[in-house]
Amino acid sequence: MDATLISREKTAERLLTASAKHSFDPDTELDWEAPFEEDAWFWPPELVSLYDTPLWRRMPEEQQRELSRHEAASLCASGVWFETILMQLLLRHTYSLDPTSAHVRYALTEIADECRHSKMFARAVTKFGTPTYGPTRLDHSLGRILKTFSTTPGSFTGTLLAEEILDWMQRLTFPDERVQPFVRGVTRIHVVEEARHIRYAREELRRQMETAPRWEIMLTRTMSAEAARVIARSLISPQVYASVGLNPAEAVAAVKESGHRREMMRHSAKKLMDFFDEIGLLRGPSMPLWRASGLL
Ligand SMILES: [Fe+2]
Ligand SMILES: [Fe+2]
């Protein structure tokens, strides 16, 4: 076995050991029957899309908290969408690899994690009692194109974009005492298990980028920049605003103008963008697309 394969197996073995120790069954881990607390937020207010805008300041606190419930539900529904894509990409990744390798056993373990997460997020949406938000039809179709045609490096950049942005938000959510204990429970489970997924994807992506031919690197730059744009705009469905009695066009415009929101989105992707830069993804003609994603 060459050195790259040995290090790949070592990482996978370590991740398998960690998975055996710290994995959760959300169906039994969380109290699904407990009623929501009266005055608690469903998402930290600073992470709600309208936070700190003139429109936000005009909203009574009850309406702000209600918006946090719908945005948490939107993030959960997008989470299911991202994970459905990701599970398919991971399974495709294993298709031509040795099924007895630790690398493949870990990929299957990760798919099992994502299965539990998607069930958890879907069940959370039901508990929130909101509509099932999701991507627009266009983005839904773009997701289908990505998951059908992306090659391995593109699959792992897409994975990291969805995982690291949500992970950054969830790391602020689970310790936040203003937030509903149920939401803190959901985000805690996700943060613990996603740390392993991020490690796996980052290391594999680095290996892939070192050996990928020039055409594949070019393709990966463009496809991941497009994925970044789609993922960033799919986190919060514009329908959440109508659900809480706001004018969606006015709310979307307020979010677009919000310096706070721009900063939040950039912060959420900062570490990942540094990593992408380091492995040579932020180069060439894809740069305007990266900038349009609002993550750079
Ligand atoms: Fe997940
Ligand atoms: Fe994940």
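**Terms and values**

Reply: E194 and H197 are both buried, a term that means under 20% relative accessible area, with exposed over 50% and partly exposed in between (1.4 Å probe, protein chains only). This is a predicted model, in which local features need pLDDT of at least 70, side-chain atom pairs count only at pLDDT 80 or more, and totals for chains, interfaces and linings use all residues. Residues are numbered from 1 along each chain as its sequence is written, chains are lettered from A and ligands numbered from 1 in the order in which they are written, and side-chain values use heavy atoms, with hydrogens and water left out.

Me: What makes E114, E163, E194 and H197 the residues that coordinate the iron ion (ligand 2)?

Reply: Donors are N, O and S atoms within 2.8 Å of the metal (3.2 Å for Na, K and Ca); water is not among the atoms, so sites may look incomplete. The OE atoms of E114, E163 and E194 and the ND1 atom of H197 lie at 1.9 to 2.5 Å, and therefore count as donors. E114 also bridges to the iron ion (ligand 1), 3.6 Å from the iron ion (ligand 2).

Me: Why is the lining of the largest cavity said to have no charged residues?

Reply: Asp, Glu, Lys and Arg count as charged; Ala, Val, Leu, Ile, Met, Phe, Trp, Tyr, Cys and Pro as nonpolar; and the others, Gly among them, as polar. The lining has 10 nonpolar and 3 polar residues, so none of its residues is Asp, Glu, Lys or Arg.
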